[in-house]
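Please look through the sequence and the structure before reading on.

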Amino acid sequence: MKYLHNIGTYFIMIKDMFRKPTKWSVLKTLILKDIDDLIIGSLGIVAFIAFFVGGVVAIQTSLNISNPLIPKYLVGFATRQSIILEFAPTFISIIMAGKVGSFITSSIGTMRVTEQIDALEVMGINAINYLVFPKFIALTLYPFVISIAMFLGILGGLAACVYGGYGTLEDYIEGVQNDFIPFHMAYAFIKTMVFAFILATIPSFYGYFMKGGALEVGKASTTSFVWTSVVIILLNFLLTSLLLG
């Protein structure tokens with residue numbers, strides 16, 4: 001019953017997020033701050049992880065091609081498919097659930113503990129719109145982060161393949177270009193937008209409705225990370241079945 005109650009409360013929160021909007025002059029400042037915190041602040045870690053994971057995928061693929069009949073361009077092809085279809089949209093989102101999700105939960109949870117949310121409600125402000133909606137708008141730029149992860153992942157594979165002596169530049173580029181299906185990009189960005197919505201709302205839910213003190217803020221951050229990751233993985237399965245099945 002607790003899970004059903006939480007699911008119902010979550011959807012009510014989403015409805016309230018669009019009700020009684022905050023003044024645009026105030027909302028604009030909040031959105032710009034959240035873009036800086038959630039999007040720009042995440043570029044460094046995303047770039048670092050994407051580049052080196054792309055390199056690892058290229059090396060692993062190259063080392064597992066022992067049959068001389070298998071073309072060398074398969075390294076570039078496998079790296080591109082792995083990065084675009086799964087690594088960039090899904091696994092970067094799980095990493096962001098830890099970084100961005102914990103930040104959202106702890107910041108809203110701290111406001112709940114220090115009674116700042118109660119003060120907003122006393123002033124007649126829709127606290128859910130004031131706190132959650134700017135994060136939702138900021139994370140509509142999340143595909144920009146994923147596109148950088150895709151580019152750097154493929155670039156990392158290129159660097160590892162060429163400078164590690166696992167293949168030639170021409171073979172890798174041929175593999176990246178070979179058999180490219182444009183819908184795979186659309187599929188990746190559809191998933192990305194769905195995951196962005198989850199990253200904005202589930203951590204906000206656990207921060208907004210938490211009870212207790214400073215210790216409970218930490219527990220809420222952990223719980224929000226777990227459930228955000230679980231929902232992302234489940235939706236990844238459903239979206240893959242619907243869009244590629």
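The sections below treat the overall fold, the annotated spans, the core, the helix packing and several individual residues.

**Basis of the description**

This is a predicted model, in which local features need pLDDT of at least 70 and side-chain atom pairs count only at pLDDT 80 or more, while totals for chains, interfaces and linings use all residues. Residues are numbered from 1 along each chain as its sequence is written, and side-chain values use heavy atoms, with hydrogens and water left out.

**Overall fold**

The chain comprises 10 helices and 0 strands. Helices (H or I, at least four residues) and strands (E, at least two) are DSSP runs, numbered from the N terminus. Along the sequence the pattern is α-α-α-α-α-α-α-α-α-α. Taken along the principal axes, the C-alpha atoms fill a box of roughly 70 × 35 × 35 Å.

Of the 245 residues, 44% count as buried. Buried means under 20% relative accessible area, exposed over 50%, and partly exposed in between, with a 1.4 Å probe and protein chains only. Contact means heavy atoms within 4.5 Å. Among contacts between residues at least 6 apart in sequence, 86% join residues at least 24 apart.

**Annotated spans**

An unreviewed UniProt entry carries the annotation "transmembrane region" for residues 38-63, 83-104, 141-166, 186-209 and 221-244. UniProt positions are given in the numbering used here, feature names are shortened, and annotations may be inferred rather than shown by experiment. Residues 83-104 are 100% helix and 0% strand, and their end C-alpha atoms lie 27 Å apart. Residues 221-244 are likewise 100% helix and 0% strand, with end C-alpha atoms 33 Å apart.

**The nonpolar core**

A nonpolar core is a set of buried Ala, Val, Leu, Ile, Met, Phe, Trp, Tyr and Cys residues joined through side-chain atoms within 4.5 Å. The largest such core holds 58 residues, of which Ile92, Leu139 and Tyr142 touch the most other members. Helices that each supply at least two residues of this core include H1 (2-17), H2 (24-39), H4 (74-113), H6 (127-138) and H7 (142-163). H4 provides the largest share of this core, 13 residues.

Which residues does tyrosine 142 touch, not counting residues up to four places away in sequence? They are Ile39, Ile92, Ser93, Met96, Thr192, Ala196 and Leu199.

**Helix packing**

Two packed helices are described by the angle between their axes and the distance between the axes. Axes are lines fitted to C-alpha atoms, for helices over the stretch in contact, and angles run from 0 to 180 degrees between N-to-C directions.

H4 and H7 pack at an angle of about 140 degrees, with their axes 9 Å apart. The two helices are therefore oblique to each other; angles under 35 degrees count as roughly parallel, over 145 as roughly antiparallel, 65 to 115 as roughly perpendicular and the rest as oblique. Residues making the contact include Ile83, Ile84, Ile92 and Ser93 of H4, and Tyr142, Gly153 and Ile154 of H7.

H1 and H6 have axes 9 Å apart and pack at an angle of about 90 degrees. H1 is thus roughly perpendicular to H6. Met13, Asp16 and Met17 in H1 meet Ile128, Asn129, Val132, Phe133 and Phe136 in H6.

**Individual residues**

The table gives the relative accessibility of selected residues.

| Residue | Relative accessibility | Class |
|---|---|---|
| Aspartate 16 | 14% | buried |
| Aspartate 34 | 6% | buried |
| Isoleucine 154 | 18% | buried |
| Glutamate 115 | 54% | exposed |
| Aspartate 179 | 58% | exposed |

Aspartate 16 is found in helix H1. Leaving aside neighbours within four places in sequence, aspartate 16 is in contact with Asn126, Ile128 and Asn129. Aspartate 34 belongs to helix H2 and, not counting residues up to four places away in sequence, touches Ile39, Pro134, Lys135 and Ala138.

Isoleucine 154 lies in helix H7. With residues up to four places away in sequence not counted, isoleucine 154 touches Arg80, Ile83, Ile84, Tyr172 and Val176. The C-alpha atoms of isoleucine 154 and isoleucine 173 are separated by 9.8 Å, the two residues being 19 residues apart along the chain.

Two loop residues complete the account. Glutamate 115, in the loop between H4 and H5, has a positive phi of about 65 degrees although it is not a glycine. Aspartate 179, in the loop between helix H8 (169-177) and H9, has a positive phi of about 55 degrees although it is not a glycine.
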